[in-house]
Amino acid sequence: MAARTRFLMGLTFVITLVAVGATLMLLGMPAMAAPAPATGPLPGGEGAGWGYLAAALATAGSSLGAGYAVAHVATAAIGAIVEKPELLGRMLILVGLAEGIAIYGLIVSILILNRL
């Protein structure tokens with residue numbers, strides 16, 4: 001099986017998991033809003049479910065992007081290091097920058113969750 005086919009199958013699997021998770025979250029939203037106390041609305045408000053969905057999508061999307069970037073950058077970096085071993089430090093920086101995409105998504109998710 002070619003590497004591209006395996007990648008596409010893995011990407012399809014991850015997207016399916018995210019879609020199923022988002023669907024379950026959306027189906028669970030009315031159940032979360034139903035037991036509202038008589039004293040007032042829920043602490044997160046009525047849009048809290050959308051906020052949770054946005055945080056989940058930010059994390060999922062940034063993780064997918066980081067995985068894709070690291071896969072391609074690391075492959076090129078290994079090829080470059082084999083030819084010129086003195087490039088190891090520079091290549092580690094490039095792989096770290098690609099991994100930073102996931103950290104940015106996590107920070108955005110935390111900021112969204114703090115606003116709920």
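Predicted model: local features only at pLDDT ≥ 70, side-chain atom pairs only at ≥ 80, totals over all residues.

Biologist: Which side chain does the side chain of Ser109 make a polar contact with?
Modeller: The side chain of Thr59, at 2.5 Å. A polar contact is a pair of N or O atoms within 3.5 Å; within protein, one must be able to donate a hydrogen and the other to accept it, and residues adjacent in sequence count only if both atoms are side-chain atoms.

Biologist: Which backbone oxygen lies 2.8 Å from a polar atom of the Ser109 side chain?
Modeller: That of Ala55.

Biologist: Where is Ser109, and is Ser109 buried or exposed?
Modeller: Ser109 sits in helix H3, residues 88-115. Helices (H or I, at least four residues) and strands (E, at least two) are DSSP runs, numbered from the N terminus. Ser109 counts as buried because its relative accessible area is 4%. Buried means under 20%, exposed over 50%, partly exposed in between (1.4 Å probe, protein chains only).

Biologist: What is Ser109 in contact with, leaving aside neighbours within four places in sequence?
Modeller: Ala55, Ala58 and Thr59. Contact means heavy atoms within 4.5 Å.

Biologist: Switching to Ser62. Where is it, and is it buried or exposed?
Modeller: Ser62 is in helix H2. Ser62 is buried, because its relative accessibility is 10%.

Biologist: Which backbone oxygens lie by its side chain?
Modeller: A polar atom of the Ser62 side chain lies 2.9 Å from the backbone oxygen of Ala58. The backbone oxygen of Thr59 lies 3.1 Å from a polar atom of that side chain.

Biologist: And what does Ser62 touch, not counting residues up to four places away?
Modeller: Ile101, Ala102, Gly105 and Leu106.

Biologist: How many residues has H2?
Modeller: H2 covers residues 48-83, so 36 residues. From first C-alpha to last, H2 reaches 52 Å, close to the 52 Å expected at 1.5 Å a residue. The expected span is 1.5 Å times one less than the number of residues.

Biologist: Back to H3. Is Leu111 buried or exposed?
Modeller: Leu111, also found in helix H3, counts as exposed because its relative accessibility is 52%.

Biologist: Last one: how many helices and strands in the protein?
Modeller: Three helices and zero strands. Of the 116 residues, 17% count as buried.

Notes:
Residues numbered from 1 in each chain as written. Heavy atoms only, no water.
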